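Student: Could we go through this one together, starting with the strands and then turning to the helices?
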Amino acid sequence: MSRIQKVFARLGDEQRTALIPYIAAGDPSPDQTLPLMHALVAGGADVLEIGVPFSDPMADGPTIQRAAERALKHGVSLRNVLEMVSEFRKENSSTPIVLMGYANPIEAMGVARFISAAVEAGVDGVLVVDYPPEEASEFANALKDAGLDPIFLLAPTSTDERMDSVAQIGRGYAYYVSLKGVTGAGHLDIGDVVSRLPNLKQRLGMPVGVGFGIRDAASARAIGAAADAVVIGSRIIEEIESSPAGEAPARVQAFISTIRLALDEPVVESAR
Amino acid sequence: MPAGSQISLLECAVQMADIPYNFPDAKGHFGQYGGIFVSETLIPALAELNEAYKFAQTDPSFLAEFDHELKHYVGRPSPIYHARHLSNHLGGAQILLKREDLNHTGAHKVNNCIGQALLARRMGKPRVIAETGAGQHGVATATVAARYGMKCVVYMGSEDVKRQAANVYRMKLLGATVIPVESGSKTLKDALNEAMRDWVTNVADTFYIIGTVAGPHPYPMMVRDFQSIIGRESIGQMMESFGRQPDCVIACVGGGSNAMGIFHPYIPYESVKLIGVEAAGDGIETGRHAASLSAGTPGVLHGNRTYLLQDPNGQIIETHSVSAGLDYPGVGPEHAWLKDIKRAEYVGVTDDEALAAFHTLCRMEGIIPALESSHAIAHAIKLAPTMQKDQLLLVNLSGRGDKDMHTVAEKSGIQL
């Protein structure tokens, strides 16, 4: 059982929702990434999604693009991100890490080299935003052979056939983007998301995390009542952006703790 | 085929089916290139577009409407002009110019915009969006949007907005909203990213008109098909005026739409050499250029796998060319494939060589070419003297140079 699967199994037993924050590696500066990762875990994160900066993040909104730009100003590369993961693993051997990013930095390193380096660094899952299932079956198989989980995105507009192909080639969990658009967009239709989750979970046969548009305790709690995990990205990046130098880890930990509390409160009413 | 007649898109497709070259495959791959490298959120939009285009592509009423618009609105067919003065001066092969500069809006870009706008109309999308670098594709999109009564939003890097004020004003005159993009390098690639984001968010009522043969499937194929009017006309015109096909076809390549438009119908004509000319900027050895095929490596950007200008870490690098229309770090995936299978050859022409060719064509033929097209002219000027006088070089003169007056004057140290 992979580290990701273990976390979801444990949380399932405890009837709790996983909390998956996202930060971009190297944002606001490379020396802040490790403290931020530990702060997220201390604040109650179950899995960490670590963004690999890319010059052309087509699927991300302006907030996450700014984070990538800040990281790239410091010259942060995929190799550096893997080094950060290795460092993190020296102190934390239990929290799964999912690298999230775009295909080109991985292809530039070479898929085989990337996969062995990721295993060595202690990465658990990989989500390549611009590898949809039709372009990724070889890559996903190579990840699985190496013991890494290929994570795929699904959207409200994804057909049953697409869910089935993610069920087939994905592993660990699937990441349901809860609204049309890019990361950081508004207008989250919670009722719509919650109503779609049962079919999704059944078809996929793996845990489903929901993200894109979750910004506060209330929306996290409402989604968390139906999803296996909630993913929060842009809101954390905003917290980092607005923090005075050096204070980002403490501020992010305080923020993520409020989400953790909200998720762990017993649900009284329906999510609507 | 009767001399002088232009072969239709449908006939062309049938003709292509008989020969080994039949790309892309059903999933948009040209060998290892092309494909659909996009986020899941874009998949349904692309699937819808693919279905609509699959139908339109062989629908006689759609094709007739397209041809009608090209004839009456664009002013097609564009002539092939024998540049005798220049040819005699060079003393080698005869240089023939396919005059896309005479199209309405002054370049080949409008061919594709009409095709995609007609498709948008069929799909019931009242709003079109586009990305633009120098503004040519933006102007062409704003033009057809006005023609068909569609709402139009054009994304343009804020650096380009500053550099191309006249084109920004043109788009506004035509009723379009121009949105300056402040992210990344604030140029064409960032405008493309932003347009994609708009599309993902507004796909229900919005059609994204991509300006070149790049992007996720079906764009490279669809834009190629709409632009292939250039090559299809040329094949008929060459028979009519010269009784044979050219020895060589030359076109400039940024994203590669004018080149693919003239190359594609010629692919089965094995004796016709195809040469794409990339922007070598200050010289490939300086690193300041936009020659993805000559100096790049394969990777994934903007929805397709193709040759890219990137650093060793896979980050896309900033490009340089005197011609804004060639200033792009990628290239259409079919060009990548034609390079690898050696059906086409790709060479570089520097800023200085392109500028010299610009002046030569102005003086010797009374034609002011776009700086993009000047790259193709420059290569023809190099090549012609090495060939026989009875050989024919067909150059795609993809656009006129009115838009480049400021750039050329500045390079000559003249203030307008």
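Student: What is the bridge partner of B:Leu301 in S12(B)?
Tutor: The bridge partner is B:Asn304. This is a predicted model, in which local features need pLDDT of at least 70 and side-chain atom pairs count only at pLDDT 80 or more, while totals for chains, interfaces and linings use all residues. Residues are numbered from 1 along each chain as its sequence is written, chains are lettered from A and ligands numbered from 1 in the order in which they are written, and side-chain values use heavy atoms, with hydrogens and water left out.
Student: And how many bridges join S11(B) and S12(B)?
Tutor: Five bridges, in the antiparallel sense; two strands pair if DSSP finds at least two bridges between them, and strands (E, at least two residues) and helices (H or I, at least four) are DSSP runs numbered from the N terminus.
Student: What is the strand order of that sheet?
Tutor: The open sheet runs S1-S2-S12-S11 in chain B, with antiparallel pairing, and its edge strands are S1 (29–30) and S11 (297–301).
Student: Switching to helices, at what angle do H4 and H6 of chain A pack?
Tutor: Helix H4 (residues 78–91) and helix H6 (residues 111–121) of chain A pack at about 20°, with their axes 8 Å apart; axes are lines fitted to C-alpha atoms, for helices over the stretch in contact, and angles run from 0 to 180 degrees between N-to-C directions. H4(A) is therefore roughly parallel to H6(A), a label for angles under 35 degrees.
Student: Which residues of H4(A) make the contact?
Tutor: Among them are A:Leu78, A:Leu82 and A:Val85, which meet H6(A) residues including A:Phe114 and A:Ala117, where contact means heavy atoms within 4.5 Å.

Definitions and conventions
Parallel < 35°, antiparallel > 145°, perpendicular 65-115°, else oblique.
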